[in-house]
Every structure is written in C-alpha cells, then in structure tokens.
Amino acid sequence: GAAAWLRAEGRQAEYLDGGFVAWREAGLPLIQTDHLPPRDGQGRTVWVTRARPKIDRIACPWLIRRFVDPRAVILFVAPSEVSGVAERHEAAPFDIEDVFFSHRGDLCSFDVMLAELGLSVPALDRLAVIVRAADTARLDLAPEAAGLLAVSLGLSRMYADDLEQLEAGMLVYDALYRPAPIRPWPSTRVWARIGLLSFGGPAGQIALMHRILVEEQKWLGERRFLHALNYCMLLPGPEAMQLAVYIGWLMHRTLGGIIAGLLFVLPGVVAIMSLSWVYAIWGNTGVLEGLFFGLKAAVLAIVVQAVIRIGSRALKNRTMIGIAAASFLAIFAFSVPFPIIILTAALVGFVGARA
C-alpha cells in the first residue's frame with residue numbers, strides 16, 4: 001500500500017513483487033558492502049579519484065550512482081591529493097595506483113569495482129568489456145570501444161569542469177548499458193555452432209563455450225562464467241550441459257535455456273546414432289578401427305588443450321594452483337572420493353577468505 005499512497009500523492013513509486021527474497025532467489029545481483037566507504041552525515045557515500053577523467057573515472061562513478069548509491073559524492077582532485085582527501089573525508093579512492101579499486105593485471109578499475117561489489121550481470125559484463133577495451137587501448141576487444149574512446153576524449157575537451165563532464169558522461173554509459181537486446185532466436189546460430197563443435201567431452205565443451213560466449217560474443221564476463229562453472233561442477237549430472245542451459249536461461253530466461261539445451265544436445269545425439277549405425281554395420285573393418293583409434297588421440301589432445309585453457313583463467317594465484325594440484329593428486333594417486341575433495345577445497349577457500 002505504501003507505493004499506492006505515494007502515487008496518490010503524485011510521486012513516482014514502484015514496488016518489487018516478492019520483495020528482497022524474490023530478488024535474491026532470482027539470482028539477481030546483491031551489492032557486497034565490505035568495501036563501501038562509510039556514509040556521511042547526509043547518508044551519502046564519498047568517493048575520490050584523479051582529476052581530468054577520461055574513461056574509467058567516468059565509468060566507475062556511473063556504476064556507483066546507478067547501482068550503489070544514487071546520491072554518491074564524487075570528488076576529483078590532483079593525483080597527489082587523493083590519499084589525503086580520502087583519509088580526511090573517509091572517502092573510497094579509485095582508479096589510482098595502490099588502492100583497492102584500481103587496475104589489476106589486464107582488468108581496469110571498472111572491472112574490479114564490478115566484481116568486488118558483486119554486480120556481475122550480463123549487461124554490465126558486456127559494458128565492462130567495452131570500458132576495458134577503450135581504457136586500455138585494446139580496441140579489438142569490442143567494436144564499440146573506439147567510439148567510446150573518441151566520445152570520452154571529446155567530452156574531456158568540451159568540459160573544463162570535471163563534474164560537468166561526469167554529468168554528460170552519465171548519458172553515454174546509460175546508452176551503452178541499454179543496447180538492442182540479444183534476441184533468443186538469433187542466438188540459436190551460436191548454440192548450434194557450439195553443439196556441432198563440442199568435441200572432447202565436458203572439458204572440451206566448456207572450453208569451447210568459454211571461447212565463443214566470453215571471448216567472441218562477449219555475452220558474459222570471465223568472472224561470471226567461472227562462477228557458473230563452479231556451481232555446475234557441484235551439481236549432479238553433466239556439467240557442460242548444465243552450464244549451457246544456465247547461460248541460455250541467463251540470457252533469455254526459460255526460452256533461452258530450452259534453446260541452448262536442445263541445440264547443445266541434438267548434434268551429439270545425431271552424431272552418436274550415426275556413428276553407432278556405421279560401426280554396427282562396418283565396425284570389423286580395419287579402416288574403421290584405424291579411424292576410431294586416431295579419433296581417440298585427437299580427442300585426448302582436445303581435452304588437454306581445454307584443461308590448460310580453462311585452468312589458466314581459473315587458477316589466478318599460487319594458492320589456487322596448489323589446491324588444484326593437491327586435488328589431482330588425491331583423486332589420481334589415492335582415489336579419494338570426489339565429494340571429499342570438493343568439500344575440503346571449499347573449506348580451504350572459506351578459511352582463506354576469512355583470514
């Protein structure tokens with residue numbers, strides 16, 4: 001009734017059907033507050049960065065004001081003053097060296113802020129690729145990057161006042177955040193391609209999905225893909241199939257999940273039925289035996305390449321590499337049951353995160 005009363009008073013008001021619980025159960029993003037600055041006397045968060053913004057220092061305030069705190073105060077100061085201003089006003093510094101919200105490896109500050117605040121959703125993941133490409137001069141990552149770079153440089157020359165530039169830049173990122181949506185039916189071509197090229201079992205299939213969906217199509221970011229993969233690995237059943245259905249659902253809800261699941265499975269079903277029929281009729285011939293023997297070696301190579309590809313992205317530090325090595329040793333040399341390995345790894349990660 002509160003929203004109805006507000007509307008009756010002439011105020012714009014909406015409510016979420018099911019409330020917070022429905023939002024959480026739908027898997028929608030929940031802001032991680034661990035690294036947010038304290039609020040000032042007016043209930044606003046305060047953030048500080050270097051003056052004369054270009055890309056990251058407009059994209060990050062846009063993310064903050066649109067998804068974290070619409071009344072956030074953004075301070076632009078000389079680089080040498082960022083640390084002092086942050087301490088004096090209990091502000092969170094960003095996009096400057098040696099602070100939490102800054103570049104990490106190939107990731108720009110927007111990437112880091114997106115991940116640390118728990119705001120990874122497909123639309124923001126796609127935007128993150130554009131921002132990263134423009135901010136790090138890797139324009140090949142996204143076709144929109146060159147345009148964003150040109151617009152950002154133009155805004156910097158148009159506005160001498162950083163806050164005025166920020167207000168103008170907010171509209172740019174609003175527009176980039178709301179591109180024409182990816183329709184479910186055109187995506188069938190992508191899923192059909194994945195289904196037709198999925199050789200090498202789960203490892204090869206997952207690596208293929210990563211290459212096509214994350215690197216080529218940029219439908220979702222690296223972090224979200226790996227999180228989805230982690231969850232699917234814990235579920236009973238074929239993890240590659242579950243991952244395909246989940247990503248399809250993530251993009252287009254129920255219809256997307258059905259399309260992704262069917263096209264992921266159907267090519268394999270047709271192929272295995274055809275090969276079974278061929279082998280049942282001519283399986284005793286030397287030619288076919290040699291053919292299948294050669295396929296075994298090729299599939300093994302695909303699996304090894306897939307493991308290296310996914311592992312290089314998932315294992316980011318020595319601790320993770322150590323856990324992976326210990327898990328392999330436990331299951332290969334000592335035949336430790338898989339559930340025990342998973343629970344132990346999860347416990348180590350939990351303890352490490354709290355340390």
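Visitor: Where's Val265 in this one?
Guide: Val265 sits in helix 12, which covers residues 239-282. Bear in mind that this is a predicted model.

Visitor: Is Val265 buried, exposed or partly exposed?
Guide: Partly exposed: its relative accessible area is 32%.

Visitor: OK, pockets. What volume does the second largest pocket have?
Guide: About 490 Å³.

Visitor: How many residues line the second largest pocket, and which lie nearest its centre?
Guide: The lining has 21 residues, and Ser198, Phe199, Gly268, Ala271 and Leu275 are the ones nearest the centre.

Visitor: Which helix gives the most to that lining?
Guide: Helix 12, with 8 residues. That's the helix holding Val265.

Visitor: Which helices each supply at least two residues?
Guide: Helix 9 (188-197), helix 10 (201-216), helix 12 and helix 13 (286-314) each do that for the second largest pocket.

Visitor: Switching topic: how many disulfides are there?
Guide: The count is 0. Take Cys60: the nearest cysteine sulfur belongs to Cys108 and is 6.9 Å away, so Cys60 is in no disulfide, given that the two sulfurs must be within 2.5 Å.

Visitor: Is Cys60 buried or exposed?
Guide: Buried, with a relative accessible area of 0%.

Visitor: What about Cys232, buried or exposed?
Guide: Cys232 counts as buried because its relative accessibility is 5%, and the cut-off for buried is under 20%.

Note on methods. Residues numbered from 1 in each chain as written. Predicted model: local features only at pLDDT ≥ 70, side-chain atom pairs only at ≥ 80, totals over all residues. Heavy atoms only, no water. Buried < 20%, exposed > 50% of the residue type's maximum accessible area, 1.4 Å probe, protein only. Helix = DSSP H or I, 4+ residues; strand = E, 2+ residues; numbered from the N terminus. 1 Å grid on protein atoms, 1.4 Å probe; cavity = no way out; pocket = protein on both sides within 12 Å on 5 of 7 lines; lining within 4 Å. Points joined across faces, edges and corners; volume = space filled by probe spheres on them.
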